[in-house]
There are 2 protein chains.
Amino acid sequence: MLTKESIRDWFIGLQQSICSELEKADGQGKFITDRWERPGGGGGVSRIINNGAVIEKGGVNFSAVHGQAPEHVLKSLNLSGTQAEFFATGVSIVIHPHSPMVPIIHMNVRYFEMSTGQSWFGGGIDLTPHYVVEEDARYFHQHLKAVCDQHHPSYYTDFKKWADDYFFIKHRNETRGVGGIFFDYLKEESGFTKEQRFEFVKSVGSSFAPIYTHFMNQNRNLPFGEAEKQWQYLRRGRYVEFNLVWDRGTKFGLETDGRTESILMSLPPQANWTYNHQPLEGSKEAHTLSLLKKGISWI
Amino acid sequence: MLTKESIRDWFIGLQQSICSELEKADGQGKFITDRWERPGGGGGVSRIINNGAVIEKGGVNFSAVHGQAPEHVLKSLNLSGTQAEFFATGVSIVIHPHSPMVPIIHMNVRYFEMSTGQSWFGGGIDLTPHYVVEEDARYFHQHLKAVCDQHHPSYYTDFKKWADDYFFIKHRNETRGVGGIFFDYLKEESGFTKEQRFEFVKSVGSSFAPIYTHFMNQNRNLPFGEAEKQWQYLRRGRYVEFNLVWDRGTKFGLETDGRTESILMSLPPQANWTYNHQPLEGSKEAHTLSLLKKGISWI
């Protein structure tokens with residue numbers, strides 16, 4: 001029987017192993033550990049890395065919180081007006097590298113359970129290169145497709161589309177990066193047991209370290225100059241815009257007294273804004289912009 | 001008879017005179033002019049300044065737009081389901097100086113009119129010093145109180161409180177800066193005619209240049225070092241957080257296909273984020289944080 005405690009414990013182990021793999025690949029940066037408690041119940045462990053050899057700023061957060069279910073959750077479950085407890089646990093990661101040639105990455109896996117019996121998994125992983133390189137995007141999506149295909153024939157197609165729609169900066173008409181997969185409300189259905197769905201979530205979580213350390217190793221020594229740094233700062237500005245304006249998890253957390261520093265660990269060390277910046281026609285920056293679109297089949 | 005055209009024309013003149021006063025005080029920076037049209041009706045003129053002697057990045061935007069009133073506006077006027085046209089015009093300003101010793105400033109004056117007859121004014125002005133100096137905050141509020149007192153005995157008290165509540169970064173439990181005044185839905189009431197209310201809005205708009213050029217002149221040569229620049233970048237990060245997470249005008253604009261570059265001219269040239277930054281006890285940075293609270297009577 002799969003309990004919420006065993007799911008939580010697996011996430012704790014995932015956080016530890018990812019931090020250890022990232023430290024090993026970075027070779028210099030070390031994670032600090034910041035434990036916190038939630039007034040309403042539960043808490044978390046934020047693990048933060050700064051000024052590594054490859055990673056400039058990043059966080060690998062674990063949390064397991066519980067308490068009175070908020071009204072909007074009750075309403076979405078047709079439980080308005082009743083009393084119920086929720087339990088939520090997950091791991092969230094954002095890594096900002098020093099080099100504009102190494103992509104930003106985000107991953108989240110989570111589990112939600114109600115005392116009234118409902119439960120579901122959610123998660124996602126998406127890649128935000130400062131410069132889009134088709135071969136890197138293909139590698140990333142092939143890896144995710146292989147993970148998905150082990151569990152369900154339509155997961156990759158469905159969740160790739162969901163990621164295109166979710167990681168979209170509407171006011172810029174740009175995707176955040178080259179997408180990835182996103183899924184939510186993964187419930188008991190189509191003959192998949194909770195155990196089977198958890199196996200999928202575990203596969204997604206376990207894919208993070210091999211995928212990202214591949215990009216760290218492959219791209220860390222690529223040459224770049226001041227022009228590439230300036231472009232990186234502008235792209236990080238877009239990352240800030242997505243997270244603060246559109247990301248549902250961030251917005252919900254900030255509006256409901258979540259732990260601000262853990263939520264905003266996703267923000268970059270430095271971001272710049274220039275009025276109406278337009279890359280030169282034919283430049284590699286213009287090429288990147290042309291690829292920040294939904295519906296590209298990278299594989 | 002006060003027409004929407006005459007209000008719009010006054011705003012156009014205000015934009016011009018403010019740009020001219022800011023250029024004069026800066027002594028080096030020049031505004032560029034960017035005209036744009038709104039697909040649904042109307043348009044605007046964004047005036048942008050970069051790399052002046054005092055101003056690092058700023059915008060003074062005018063717009064006058066019209067079209068089909070959106071459902072949420074109709075609903076708020078109990079006109080749900082009917083068809084009506086809106087007209088909106090205003091001037092919006094945000095200035096980010098180079099020096100951390102010169103405050104960031106924001107001002108907005110606006111007029112809204114419905115084809116069904118309703119109309120109102122709104123606006124506000126607030127100051128965001130990177131380092132709060134009580135004497136500067138007092139100067140600012142005394143100036144605003146004098147403006148308000150010419151028009152209504154309770155405007156300053158009411159609109160100062162409104163600004164404290166509006167320019168509040170809830171997830172940080174901090175005010176954006178030392179506040180100022182904020183008002184909205186200023187309608188026909190308590191014996192004040194539209195002309196009289198417009199006179200108040202004009203006084204607010206006209207107060208911007210003398211107030212801000214005072215701070216430019218007074219603070220431009222104050223010494224600062226790298227520590228003050230780093231603090232400035234963190235405070236600008238908070239400015240980004242307020243604008244993208246809480247500012248109703250920004251959120252509404254971005255969610256309803258407003259002109260993104262004009263809306264986001266408010267963002268700073270550079271902002272930084274550091275996980276859980278805490279200033280040293282007794283430092284001037286800690287002193288500033290202790291003053292970012294609602295309800296301080298600066299006068």
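In this predicted model, strand 6 (residues 119-128) of chain B pairs with strand 9 of chain B in the antiparallel sense, and five bridges hold the pairing between them. One of the residue pairs in this arrangement is formed by B:Gly123 and B:Phe183, the latter lying in strand 9 of chain B.

These two strands belong to an open sheet of seven strands in chain B, whose order is 1-2-3-4-5-6-9 and whose pairing is antiparallel. At the edges of the sheet stand strand 1 (32-37) and strand 9 (180-186) of chain B, each of which pairs on one side only. From one strand to the next, the twist averages 10 degrees.

Chain A also has an open sheet of seven strands, with the order 1-2-3-4-5-6-9 and antiparallel pairing. Strand 1 (32-37) and strand 9 (179-186) of chain A each have a single partner strand, so one side of each is left without a neighbour in the sheet.

Within the chain A sheet, strand 5 (residues 104-114) runs antiparallel to strand 6 (residues 119-128), and the two are joined by 10 bridges. A:Glu113 has A:Ser119, in strand 6 of chain A, as its bridge partner. The table sets the strand pairings side by side.

| Strands | Sense | Bridges |
|---|---|---|
| strand 5 and strand 6 of chain A | antiparallel | 10 bridges |
| strand 6 and strand 9 of chain B | antiparallel | five bridges |
| strand 10 of chain A and strand 10 of chain B | antiparallel | three bridges |

Helices also meet the sheet of chain A. Helix 3 (residues 134-149) of chain A lies across strand 6 and strand 9 of chain A, and its direction is at about 30 degrees to strand 9 of chain A. Helix 4 (residues 155-166) of chain A packs on the sheet as well, where it touches strand 6 and strand 9 of chain A, and its direction makes about 105 degrees with that of strand 9 of chain A.

In chain B, the axes of helix 3 (residues 134-149) and helix 5 (residues 194-219) come within 10 Å and cross at roughly 160 degrees. Because angles over 145 degrees count as roughly antiparallel, helix 3 of chain B is roughly antiparallel to helix 5 of chain B. The crossing of helix 3 of chain B with helix 5 of chain B is right-handed. Among the residues that make the contact are B:Phe140 and B:Val147 of helix 3 of chain B, together with B:Val204, B:Ile211 and B:Phe215 of helix 5 of chain B. Sorted by class, this contact of helix 3 with helix 5 of chain B has five nonpolar, three polar and one charged residues.

The contact between the chains takes 23 residues from chain A and 23 residues from chain B. On the side of chain A that touches chain B, the elements giving two or more residues are helix 6 (226-246), helix 8 (260-263) and strand 10 (270-272) of chain A. Helix 6 of chain A gives the largest share of that side, four residues. By class, the side of chain A that touches chain B has 13 nonpolar, six polar and four charged residues. Since 100% of the interface residues of chain A are also interface residues in chain B, the copies meet through the same surface.

Strand pairing also crosses between the chains, for strand 10 of chain A and strand 10 (residues 270-272) of chain B run antiparallel and are joined by three bridges. There, A:Gln270 stands opposite B:Asn272 in strand 10 of chain B.

Conventions
Residues numbered from 1 in each chain as written. Chains lettered and ligands numbered in written order. Predicted model: local features only at pLDDT ≥ 70, side-chain atom pairs only at ≥ 80, totals over all residues. Contact = placed C-beta atoms within 7 Å. Pairing = 2+ DSSP bridges. Axes fitted to C-alpha atoms, helices over the stretch in contact; angles between N-to-C directions. Nonpolar A, V, L, I, M, F, W, Y, C, P; charged D, E, K, R; others polar. Parallel < 35°, antiparallel > 145°, perpendicular 65-115°, else oblique. Left-handed = near helix turned anticlockwise from the far one by under 90°.
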